[in-house]
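Here is a short tour of the charged side-chain pairs in a protein model. Have the sequence and the 3D view ready as you read.

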Amino acid sequence: MNIVHKGELSMPKILPDNLKEEILTTTRRMVIEHGYNKVSIRDIARECGIATGTFYNYFRSKQEILSALLAGDWDRMQRYIATLPEDS
């Protein structure tokens with residue numbers, strides 16, 4: 001777990017170890033539901049229960065997170081295709 005201190009007087013927020021995957025999963029769901037142009041980084045951060053700045057610790061932009069989602073999809077598709085029998 002990662003601990004983020006939000007000032008000297010506040011309690012530390014404990015972030016899950018898989019936060020990057022959670023951000024990706026949440027973004028995928030939100031884009032499917034609302035469309036890419038209607039989802040903001042602020043919306044993604046709010047849905048994940050994190051600060052916008054925390055989002056930027058993992059992704060530099062909305063375009064970067066979209067690229068990460070597409071790269072993951074491409075990798076999964078290639079692994080699936082590799083399991084298919086070859087044509088005779």
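## A pair within helix α2

Which residue does the side chain of Asp-43 meet in a salt bridge? The partner is Arg-46, at 3.3 Å from N to O. A salt bridge here is a side-chain nitrogen of Lys or Arg within 4 Å of a carboxyl oxygen of Asp or Glu. Both residues lie in helix α2, three residues apart, or about one turn of the helix. (Helices are DSSP runs of H or I, at least four residues, numbered from the N terminus.)

Asp-43 is partly exposed at 22% relative accessibility, while Arg-46 is exposed at 55%. Buried means under 20% relative accessible area, exposed over 50%, and partly exposed in between, with a 1.4 Å probe and protein chains only.

## Arg-29 and its two partners

Arg-29 forms a salt bridge with Glu-33, their closest N and O atoms being 3.5 Å apart. These two are four residues apart in helix α1 (residues 19-34), so about one helical turn separates them.

Arg-29 also meets Glu-47 in a salt bridge, at 3.0 Å from N to O. Because Arg-29 lies in helix α1 and Glu-47 in helix α2 (residues 41-48), this pair ties together parts that are 18 residues apart in sequence. Arg-29, at 34% relative accessibility, is partly exposed, and so is Glu-47 at 47%.

## The wider count

Salt bridges also link Arg-28, Asp-73 and Arg-76 in a network. The count comes to six salt bridges.

## About the model

This is a predicted model, in which local features need pLDDT of at least 70, side-chain atom pairs count only at pLDDT 80 or more, and totals for chains, interfaces and linings use all residues. Residues are numbered from 1 along each chain as its sequence is written, and side-chain values use heavy atoms, leaving out hydrogens and water.
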